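Visitor: I am new to this structure and would like to learn how to read it. Please take me through it step by step.

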Amino acid sequence: MTLRDFLKTPKGKILLVCCILMPASWIFLLFQLGGDFATLFPDENRKKELQKEIGKLKKEYQEQQKKLTAYETLRKQYRDKLRNAWQFSKDGDPELVLRQKIETAAKESELLLSNLGSVRISRVNNDLAWAELEISTSGDFEVIVKFLEKVRAIRPEISWRRLVLNQMLRRGNRANTRVSSTSDASTRSISSTNTARADTAVTTLFLNGSVRVLFYDGDAPR
């Protein structure tokens with residue numbers, strides 16, 4: 001049977017109709033899903049518009065990438081701050097321990113604290129808070145400096161929110177020296193030396209300020 005004879009049969013006619021309708025269906029779907037020919041085969045003006053849109057999208061993408069990088073940097077800094085902050089589980093309750101640490105620093109510096117207030121807590125957000133403590137004292141210059149060094153060495157790190165130092169110079173009291181009627185040179189020399197030491201200027205510092213520590217009471221930072 002030849003092809004012409006087969007096409008005259010019912011099966012051949014059906015096959016012929018299918019061969020005709022299938023390309024037509026493809027063309028119809030192509031127009032429905034892919035747009036018109038102007039979209040499929042854009043001219044120069046359309047190409048320029050597409051390039052302009054692509055450039056705009058590329059610029060927006062780069063801006064979003066910059067924002068994402070800045071966010072990740074800020075997030076890392078925040079996490080680092082949490083790791084270095086006072087943590088309840090590791091460092092204890094700051095309302096109790098902070099005061100103890102300051103008292104220890106003063107004791108090791110041989111400094112008598114005039115006033116040591118109660119620890120105040122002020123929230124920053126749900127996870128962070130400041131623990132602050134008022135301090136007032138006075139002492140010789142060397143003692144105050146030693147106390148400041150002890151405070152600076154405390155870990156977790158403690159900072160000064162406010163620190164006022166006032167200086168006062170005072171003279172030491174004259175030593176009680178027995179006056180002798182003899183003209184012995186050695187006696188006069190000793191009396192002169194005692195007077196010179198008694199007149200030595202002593203620097204006293206008055207310290208008034210408040211220390212604070214960043215306190216983290218959330219879940220352990222990762």
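This is a predicted model: local features need pLDDT of at least 70, side-chain atom pairs count only at pLDDT 80 or more; totals for chains, interfaces and linings use all residues.

Visitor: How many helices and strands does the protein chain have?

Guide: Helices (H or I, at least four residues) and strands (E, at least two) are DSSP runs, numbered from the N terminus. The protein chain has eight helices and six strands. Their order from the N terminus is α-α-α-α-β-α-α-β-β-β-α-β-α-β.

Visitor: Which residues have the most contacts inside the largest nonpolar core?

Guide: A nonpolar core is a set of buried Ala, Val, Leu, Ile, Met, Phe, Trp, Tyr and Cys residues joined through side-chain atoms within 4.5 Å; buried means under 20% relative accessible area, with a 1.4 Å probe and protein chains only. Here the largest core has 24 residues, and Leu-98, Ile-102, Leu-113, Ile-135 and Phe-147 have the most contacts inside it. Two or more residues each come from helix H6 (94–108), strand E2 (113–116), E4, helix H7 (141–152) and E6. Another core, of five residues, lies apart from it and includes Leu-82 and Tyr-216.

Visitor: Is Ser-136 buried or exposed?

Guide: Ser-136 counts as buried because its relative accessibility is 17%. Ser-136 sits in strand E4 (residues 128–140). A polar contact is a pair of N or O atoms within 3.5 Å; within protein, one must be able to donate a hydrogen and the other to accept it, and residues adjacent in sequence count only if both atoms are side-chain atoms. The side chains of Ser-136 and Asn-208 make one at 2.8 Å.

Visitor: Where is the largest pocket, in terms of the residues that line it?

Guide: Rolling a probe the size of a water molecule over the atoms shows where empty space is left. On a 1 Å grid over the protein atoms alone, a pocket is an open set of points where a 1.4 Å probe fits, with protein on both sides within 12 Å along at least five of seven lines; lining residues have an atom within 4 Å of a point. Among the lining residues are Lys-81, Trp-86, Trp-130, Arg-155 and Leu-214. E6 gives the largest share, three residues.

Conventions. Residues are numbered from 1 along each chain as its sequence is written. Side-chain values use heavy atoms; hydrogens and water are left out. Buried means under 20% relative accessible area, exposed over 50%, partly exposed in between (1.4 Å probe, protein chains only).
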